[in-house]
Amino acid sequence: MTTNPSGISRRTLLKGLAASATVPLAGCSPSPASPPLAAPYVPGKPLPWINWGKNHSCYPSQRLAPRNEQQLLQGLTQAKGTVRAVGSSHAFSALVPTDDTLLTTDYLSGLVSHDPATRQAEVWGGTRLHSLGPLLESVGLATQNLPDMDYPSLAGAIATSTHGTGKHFGSLSTQVAGLTLATVDGQLLDVSAQQHPQIFNAARTHLGALGIVSRVRLQCQNSYRLTEVSQVEPLEQMLSELDLRMSNNRHFEIFALPYSPLGISVTTNEAKAADVNQGEEDPGALNQLRQVFESVSWLPGVGESLYAWLLDKAFGGNPPVVRTGPSYRVLAHARTTRFCEMEYSVPVEAGPECLRKVLDTIERRKLPACFPIEYRHVKSDDIMLSMYQGRDSAVLSIHQFGDLDYRPFFAEIEPIFHQYEGRPHWGKIHTLQAPQLAALYPKHWQDFLAIRESLDPKGKLLNAHLKQVLGV
Ligand SMILES: Cc1cc2nc3c(=O)[nH]c(=O)nc-3n(C[C@H](O)[C@H](O)[C@H](O)COP(=O)(O)OP(=O)(O)OC[C@H]3O[C@@H](n4cnc5c(N)ncnc54)[C@H](O)[C@@H]3O)c2cc1C
């Protein structure tokens, strides 16, 4: 998610409010119920692995870091037990953990080749998105879209159909024109719409269940510049103009502020020559928001309205924050506040109603939640297990601060998504199991399972989480 409720030029007011906020709200403070922070280092035990959200960990007995495809094939075929690939550990779901072999693709990084005529570039799968932008720019290319941060590896991002926002754009997986899979039986399989098209269609959202992705061929465009404008506005006004704003802008998204009629709009378009930066993102703004929320909420019956009033005073009428530059810099944002995240995509028409229901539930049940709710659009595709398969989607992301127990909050909200045939993000927190997931992917579920079975009949790549969500 993007949030720095950043662009907020009366930050001083918010900072001042936060500084004077000393009384904690019981429900929002770290409590003994907080999930234990995964894996301590224990002398004599293997070095622990832990994900960014710190909600999953494991103690892999073997770690592999192949430097080329030969080493990759050798490691993969010779490894004992379950093998899981790891990119930048940014998935919030338990896709990575294994106590057997953890295989990092960090050394498989960089640009392999590019073709100016087709604007395609072949990139090593372990390339982090923050390296990808400059690499592509060095040959005059850029991705059409990106998620709102650039920490993941390319292969890891594709694994879960990682996406940004924009009615006109699919997820990063839709920009894949071909890829190379190292399979457990020791082959390097090139797949594309022409070669092994069924495997290609499965591998563009592969969950790390089909093989190790060594190379990815991306369909790019000429490099370009963007300008992003972030502004605090009444949420209902944004929702009433949603179709227009989604249609008329290259990218548009909303951060709804719980317990407030306000939200933050983020509108991004191709840059004009005269565009200049204005204001700046404040990485501390989320924590300031939390401090203010915690300190007023203890006032029974008054806290919520006082909070809304304070936000209106702090943010109302602010000038926008403007960021302009190369596309890959503007689309990505820094994340300095740790959180855990649940995300569901629903049919695009249901998006506004679903968002209103989420906000209403938070307020009615007085849930300890002030983290902005992110609302994005993603274009439909026909990738087997893509969350956007067959439908244009509205995507709602729910966050909780990393030191708090997200479970009670997410448990109140998750059933709302089920009312709208919501599909959970494969890389984020959800509680669905194979039967429910299969029902959400009627067209291709069985096809994906059959391809997985044919590539890895003994389940060498299956960890406990994959067995659970795939039902194998
Ligand atoms: C701060 C933050 C912000 C985020 N923002 C967004 C966002 O804007 N949009 C969005 O859609 N998601 C977002 N996410 C979710 C995240 O980007 C995805 O879940 C992504 O899959 C993580 O990629 P990774 O490289 O970290 O992979 P990991 O988390 O390390 O692994 C994810 C999956 O990829 C597999 N994998 C990794 N490398 C390979 C390989 N070479 N071959 C085969 N399998 C492999 C793993 O086995 C695993 O199944 C965010 C997460 C965080 C923590």
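Two strands count as paired if DSSP finds at least two bridges between them. Keep that rule in hand for the first stops. The model on screen is predicted.

**Stop 1: a pair of strands**

Select residues 176-182, strand E9. Now pick out one contact. Which residue in E11 is the bridge partner of Thr180? Select Arg215: that is the partner.

**Stop 2: the whole sheet**

Widen the view. E9 and E11 belong to an open sheet of five strands. Read across the sheet in the order E6-E7-E11-E9-E10. The pairing is antiparallel.

Next, find the edges. Select 111-115 for strand E6 and 188-192 for strand E10. Each of these edge strands pairs on one side only. From one strand to the next, the twist averages 15°.

**Stop 3: the largest pocket**

The largest pocket has a volume of about 280 Å³. Its lining has 20 residues. Select His56, Tyr406, Ile429, His430 and Thr431, the ones closest to the centre of this pocket.

Now colour helix H12 (407-418) and helix H15 (464-470). Each gives two or more residues to the lining of the largest pocket. H12 provides the largest share, four residues. Colour the lining by class: nine residues are nonpolar, eight polar and three charged.

Why does the largest pocket lie between domain 1 and domain 2? Select domain 1 (11-28 + 225-424), then domain 2 (49-104). Both give residues to the lining, so the pocket lies between them.

**Stop 4: the second largest pocket**

Move on to the second largest pocket, with a volume of about 190 Å³. Its lining has 15 residues. Select Lys167, Asp243, Met246, Val348 and His377, which lie nearest the centre of this second pocket.

The largest share, three residues, comes from H7. Finish with the classes. The lining of the second largest pocket has six nonpolar, three polar and six charged residues.

Conventions: Residues numbered from 1 in each chain as written. Predicted model: local features only at pLDDT ≥ 70, side-chain atom pairs only at ≥ 80, totals over all residues. Heavy atoms only, no water. Axes fitted to C-alpha atoms, helices over the stretch in contact; angles between N-to-C directions. 1 Å grid on protein atoms, 1.4 Å probe; cavity = no way out; pocket = protein on both sides within 12 Å on 5 of 7 lines; lining within 4 Å. Points joined across faces, edges and corners; volume = space filled by probe spheres on them. Nonpolar A, V, L, I, M, F, W, Y, C, P; charged D, E, K, R; others polar. Domains from an automatic or database assignment.
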